[in-house]
Amino acid sequence: MSDVNPYQSLRTQIDEAAEYLDVSDGHVERLKNPERILETNLSVEMDDGSIEVFRAYRSQFNGDRGPYKGGIRYHPEVSRDEVKALSGWMVYKTATSDIPLGGGKGGIVIDPSEYSESEMERITRAFAKELTPMIGVDRDVPAPDVNTGQREMNWIKDTYETIENTTEPGVITGKDLSSGGSEGRVEATGRSTVVAAREAFDYLDKDLEGATVAVQGYGNAGWIAAKLIYEMGADVVAVSDSSGAIYNEESFDPVAVKEFKRETGSVVGYPDAAAELTNDELLTLDVDLLIPAALENAIDESLAPEISADVVSEAANGPITPAADEILSDDDVLVVPDILANAGGVVVSYFEWVQNRQRFYWSEERVNEELDATIVEQFWNLVEAYEDRSLPSLRTAAYVVALERVLDASDQTGTWP
Ligand code: NAD
């Protein structure tokens, strides 16, 4: 994994897209910088009575199209620049999906596996207390990201509602169903990744039935993508997690692999694996579809020339560095960019927010159909921009379309000084 600064990657991606727009340097510079960042230190009592201090961030990147929206990540490598990048990608993701939200992101520098559930609850509630003045249903609406899920979202909602003396489920998304969550939210990110891949195969006139697929990362995004693409008739020949990768040309049953990982903590050691691989070996397998679903910078310029997949659908945020992206584009690898391919999480978060505000809840079927329709419509919008404007990649097309939408909103709202 490369150590390319993800915030620099974001800036480069915006610069590249801005070349195709008639826009001033100042306008572009504004859209490359967050509006504000909270940086705080949480002092929390541990189970043994000691106090530990955790660095935490919330970046509100841009709110011209609506309330800031984006997840909260718990990881030892969370940093100010990573949070800035992730919050910026959210702006371009909500704009690419054309939902009326801006972009934000937050995180705590922590390895959650080292703490008990009650410690995690106190840490999360301490963060929620810091977040409360800056979040709100019309202000900033957090959601889950790496190592956070319904449990953390419920704690944040409860802390916010207690301080504000209100009931406002729409202050956060990715909640448990009984706390106002949406049907289909857990599967949404993986679902958009495979819907986008399905459309990309259609665009290339390739058959998904029997296509070979490799999935890097077997967390929420990766395992659901594996399950859904398998249900569409593809063969999931390789999957991985942070411990390594497994391979079988006959296709794994993703549900059985998930069950094994739940029991043992890893996909590695799965009895039906014909071979064990490194993560880099998985990424360079000669497959029809590659789904990077772990962390950013998984594919850098040293690995890019070895990528053999025809289509890459990015479930992770920023898994391909800009230098690698150029190589893949030259090699005619069709990359469906993260800001569309993994937008399912935020699109269904948006549906959750809408349902919370209406106090009226949709069926899972309706959520999945609306998500499918959103991704299909926006995928073909990107293809149109890519072809009509002769853009170098679908990623550039996504940034061009998204930048135009954000710039339009900024013009309309008179956000410029
Ligand atoms: P997760 O914590 O559930 O899973 C992450 C997975 O990646 C785990 O299986 C972990 O073992 C694996 N992993 C970590 N480092 C790895 C490495 N170096 N090599 C291989 N595997 C590695 O997280 P998630 O929610 O599935 O998120 C994964 C990616 O998808 C992140 O980039 C996240 O920002 C993005 N994403 C997630 C959502 C969502 O709704 N969950 C939405 C949009 C984007």
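Mentor: Let us begin with pairing: two strands pair if DSSP finds at least two bridges between them. Please keep in mind that this is a predicted model.

Trainee: What makes strand E10 and E11 a pair, and in which sense do they run?

Mentor: Strand E10, residues 289-292, and E11 are joined over 2 bridges in the parallel sense. The definition asks for at least two bridges, so the term applies. In one of these bridges, Leu-289 has Val-311 of E11 as its partner.

Trainee: What is the order of the strands in the open sheet of 7 strands?

Mentor: The order is E9-E8-E7-E6-E10-E11-E12, and the pairing is mixed.

Trainee: Why are strand E9 and strand E12 called edge strands?

Mentor: Strand E9 (275-277) and strand E12 (334-336) each pair on one side only, and are edge strands for that reason. From one strand to the next, the twist averages 20°.

Trainee: Where is Glu-314 placed, and why is Glu-314 called buried?

Mentor: Glu-314 lies in the loop between strand E11 (311-313) and helix H10 (322-330). Its relative accessibility is 0%. Buried means under 20%, therefore Glu-314 counts as buried.

Trainee: How do you know that the side chain of Glu-314 makes a polar contact with the side chain of Arg-395?

Mentor: The distance is 2.9 Å.

Trainee: Which residues are in contact with Glu-314, leaving aside its neighbours within four places in sequence?

Mentor: Among them are Pro-292, Val-335, Val-336, Pro-337 and Ala-341, as well as Asp-338 and Arg-395.

Trainee: Let us turn to the open sheet of 5 strands: what is its order?

Mentor: The order is E1-E2-E4-E3-E5, with mixed pairing. Strand E1 (36-45) and strand E5 (140-144) are the edge strands, as each pairs on one side only.

Trainee: What makes strand E2 and strand E4 a pair?

Mentor: Strand E2 (residues 51-62) and strand E4 (residues 103-109) share 6 bridges in the antiparallel sense. At least two are required, so the two strands pair. Ser-59, for example, has Lys-105 in E4 as its bridge partner.

Trainee: Which helix packs on this sheet?

Mentor: Helix H4 (residues 117-131) does, touching E1, E2, strand E3 (68-75) and E4. The direction of helix H4 makes about 145° with that of E1.

Definitions and conventions. Residues numbered from 1 in each chain as written. Predicted model: local features only at pLDDT ≥ 70, side-chain atom pairs only at ≥ 80, totals over all residues. Heavy atoms only, no water. Helix = DSSP H or I, 4+ residues; strand = E, 2+ residues; numbered from the N terminus. Contact = heavy atoms within 4.5 Å. Axes fitted to C-alpha atoms, helices over the stretch in contact; angles between N-to-C directions. Buried < 20%, exposed > 50% of the residue type's maximum accessible area, 1.4 Å probe, protein only. Polar contact = N/O pair within 3.5 Å; in protein donor to acceptor, adjacent residues only side chain to side chain.
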